[in-house]
Amino acid sequence: MLSFRSVSHDYGESASVINVSFDVGAGEVVTLLGPSGCGKTTLLRLAAGFEALSSGEIISEHRILSGAGVLVPPEDRKMGLVFQSYALFPHLTVNENVLFGLSHLGGAAEERAADMLAEFDVLALAQKYPHELSGGQQQRVALARALAPSPKLVLLDEPYSGLDTRLRERVRDRMLHILRETGTSALMVTHDAEEAMFMSDRIIVLDNGIILQQGRPIDLYCRPQNAFVTEFFGEVNHVPAHGLKGRVSTLFGEFDSPEMTEGCAALMVIRHEGLRISATDSGVPATVVESHLLGRATLIHLAVPSDDGELHLHARIPGLNSFAPGSAVHLEMDREQAFFFAR
């Protein structure tokens, strides 16, 4: 449905996207994930035709949309667009906003508009104007308007940012169902890793305009290629380590790590949920500093003596915490939640 081929873009002398290549397949949801300023929104604007690329090509169904001497205007790209600012027409009602792109349906347009508004639970607002709606309501109207013309591809810029937590979960679940049901492809921008994992067939992690890693959610979560990617998929602890030949030495013991060389500086990155706390004498000794109940889990702050000085680590355990501040405990690690990188 959409291909980026060696795409670069700059704002003056500042490069925003550097040699980026990826595809969005038919019926596939692909998410651009990264911090602010990493280039993800620029890539979406390039796909929409709002920016001209510096080099490379953007192709849709064998048609060059952007390239050397080519820039197909946004209105001729036949893509649905949902902006972070909603971009609803202020002088049109909700119903008229959705009808705007449905003139080709003739008499069936009203029914189609009503169906899409009902899908996002905003049909009762059909005769209201955008300024009469909350931000969350405007966001749902924008989603309905983007999908109403049945585009083959929809571009989504932080599509759920204006919704509270519960509504966000409900709307993105509904959105994913509609995309699957209609076979619509989507290219989405977000900085929320959980949202990306929920919505995506593939995730592309960016930093400073460069792709660091791309793949299925399970690949990025279970097989991150660097510390940056690891950190983007959950809170982590950094534990100093030392490289051996094909192995790495940590305060939790030695582990296989084929990339390590003898004597190199290394880092163990372990997720909070990868630390297990025990009141027995098995494992690495630690002292509980404090704990915070977070609802379904408790976050425990720990002080751990080591050769590199006292380490402050965090462990996330399910349910209530039974360890009082000052308690002596021992830590064990879940090897599947720990990753090693040379520094």
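Predicted model: local features only at pLDDT ≥ 70, side-chain atom pairs only at ≥ 80, totals over all residues.
Strands of a sheet pair through backbone hydrogen bonds, either parallel or antiparallel.

The partner of β16 in the pairing considered here is strand β20 (residues 328-333), and the two are joined in the antiparallel sense by four bridges. Within this pair, Arg276 has Glu332 of β20 as its bridge partner. Ser278 also belongs to strand β16. The relative accessibility of Ser278 is 18%, and buried means under 20%, so Ser278 counts as buried. When residues up to four places away in sequence are left aside, Ser278 touches Val329 and His330.

A further open sheet of five strands has the order β14-β13-β12-β15-β21, again with antiparallel pairing. Here β14 (253-256) and β21 (338-342) stand at the edges. Because each has a single partner strand, one side of each is left without a neighbour in the sheet. The twist in this sheet averages 35° from one strand to the next. Inside it, strand β12 (residues 236-244) and strand β13 (residues 247-250) run antiparallel and are joined by three bridges. In this pair, His242 stands opposite Ser249, a residue of β13.

Strand β3 (residues 29-33) pairs with β10 in the parallel sense, over four bridges. In that pairing, Leu32 has Ile204 of β10 as its bridge partner. The pairing of β10 with strand β11 (residues 210-215) is antiparallel and extends over five bridges. Asp207 has Ile210 of β11 as its bridge partner. Together β10 and β11 form a hairpin, with two residues between the strands. In the turn of this hairpin, Asn208 has a positive phi of about 55°.

Most residues other than glycine have a negative phi, and most peptide bonds are trans. His62 is not a glycine, yet its phi is positive, at about 70°. His62 is placed in the loop between β4 (55-60) and β5 (63-67). With a relative accessible area of 81%, where exposed means over 50%, His62 is therefore exposed. Ser150 likewise is not a glycine and has a positive phi, of about 55°. The loop that holds Ser150 runs between α4 (135-147) and β8 (153-157).

Rolling a probe the size of a water molecule over the atoms shows where empty space is left. The largest pocket has a volume of about 560 Å³. It is lined by 20 residues, and those closest to its centre are Met79, Gly80, Leu81, Gly101 and Pro149. Both β7 (79-82) and α4 supply at least two residues each to this lining. The contribution of β7, three residues, is the most given to the lining of the largest pocket. Sorted by class, this lining consists of eleven nonpolar, five polar and four charged residues.

The second largest pocket contains about 260 Å³ of space. Its lining is made up of Gly234, Glu235, Glu273, Leu294, Gly295, Arg296, Ala297, Arg316 and Ile317. By class, the lining of the second largest pocket divides into three nonpolar, two polar and four charged residues.

Key: Residues numbered from 1 in each chain as written. Heavy atoms only, no water. Buried < 20%, exposed > 50% of the residue type's maximum accessible area, 1.4 Å probe, protein only. 1 Å grid on protein atoms, 1.4 Å probe; cavity = no way out; pocket = protein on both sides within 12 Å on 5 of 7 lines; lining within 4 Å. Points joined across faces, edges and corners; volume = space filled by probe spheres on them. Nonpolar A, V, L, I, M, F, W, Y, C, P; charged D, E, K, R; others polar. Pairing = 2+ DSSP bridges. Contact = heavy atoms within 4.5 Å. Axes fitted to C-alpha atoms, helices over the stretch in contact; angles between N-to-C directions.
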